[in-house]
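Good morning, and thank you for making time for this item.

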Amino acid sequence: MEWENYFKSIFKGLIFALMATFLVTAILSLVMNNMTLPDGLFNIIYVVISCLALLIGTIVAVKTYGSKGWIIGLSVGCIFYISLYLIGILFGAEATLTGYDFIKFVLCILIGAFSGMLGVNL
């Protein structure tokens, strides 16, 4: 029963994080219709959006589970990055793993762990 609650809370946090990412990215795309942004700035904005969405999703997952914040956070962060990577490939991104991808993966894991610790104490 505990494993079932564990996976349910991770799945709930992942859904919240993905929904927040898609919602804010859609708003950003509407804003970008009226103005142009350099590619480097867009990548930075997208990373910030992903990090904030992961923070929200991890806090939701930890609040749902109630304990083990950093383990839940690591799980949500890892699955969140893998989900974004696979969604990107489905929508036409190149399936390469570069140093930039590794940095984003480590960032997702760290943000997941820290926001999991934060979420337990909220």
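**Helix packing and selected residues**

T58 counts as buried, because its relative accessibility is 0%; here buried means under 20% relative accessible area, exposed over 50%, and partly exposed in between, with a 1.4 Å probe and protein chains only. Before I continue, a word on the source: this is a predicted model, in which local features need pLDDT of at least 70 and side-chain atom pairs count only at pLDDT 80 or more, while totals for chains, interfaces and linings use all residues. Residues are numbered from 1 along each chain as its sequence is written, and side-chain values use heavy atoms, with hydrogens and water left out.

T58 is placed in helix 2. Helices are DSSP runs of H or I with at least four residues, numbered from the N terminus. Setting aside residues up to four places away in sequence, T58 touches G73, V76, G112, S115 and G116, where contact means heavy atoms within 4.5 Å.

Let me turn to the helix pairs. Helix 1 (residues 2-34) and helix 2 (residues 39-65) have axes that come within 7 Å and cross at roughly 150 degrees. Helix 1 is therefore roughly antiparallel to helix 2. Axes are lines fitted to C-alpha atoms, for helices over the stretch in contact, and the angles run from 0 to 180 degrees between N-to-C directions. Angles under 35 degrees count as roughly parallel, over 145 as roughly antiparallel, 65 to 115 as roughly perpendicular, and the rest as oblique. Ala, Val, Leu, Ile, Met, Phe, Trp, Tyr, Cys and Pro count as nonpolar, Asp, Glu, Lys and Arg as charged, and the others, Gly among them, as polar.

How do helix 1 and helix 3 pack? Their axes are 9 Å apart, at an angle of about 50 degrees, which means that helix 1 is oblique to helix 3. The crossing here is right-handed. On the helix 1 side, the residues that meet helix 3 include G13, L14, A17 and L18; on the helix 3 side they include V76, I79, F80 and S83. The contact of helix 1 with helix 3 holds 13 nonpolar, 5 polar and no charged residues.

S83 lies in helix 3 (residues 69-90). With a relative accessible area of 17%, S83 is buried, and beyond its neighbours within four places in sequence it is in contact with L14 and L18. I82, also placed in helix 3, is partly exposed, with a relative accessible area of 40%.

The axes of helix 3 and helix 4 (residues 99-120) come within 7 Å and cross at roughly 145 degrees. Helix 3 passes helix 4 in a right-handed crossing. Among the residues making the contact are G73 and G77 of helix 3 and G112 and G116 of helix 4. By class, this contact has 12 nonpolar, 5 polar and 2 charged residues.

Finally, the charged side chains. How many salt bridges are counted? The count comes to 1, taking a salt bridge as a side-chain nitrogen of Lys or Arg within 4 Å of a carboxyl oxygen of Asp or Glu. K8 and E4 form a salt bridge through their side chains, at 3.1 Å from N to O. K8 and E4 are about one helical turn apart, because they are 4 residues apart in helix 1. E4 counts as partly exposed, at 40% relative accessibility.

How values were computed. Helix = DSSP H or I, 4+ residues; strand = E, 2+ residues; numbered from the N terminus. Left-handed = near helix turned anticlockwise from the far one by under 90°.
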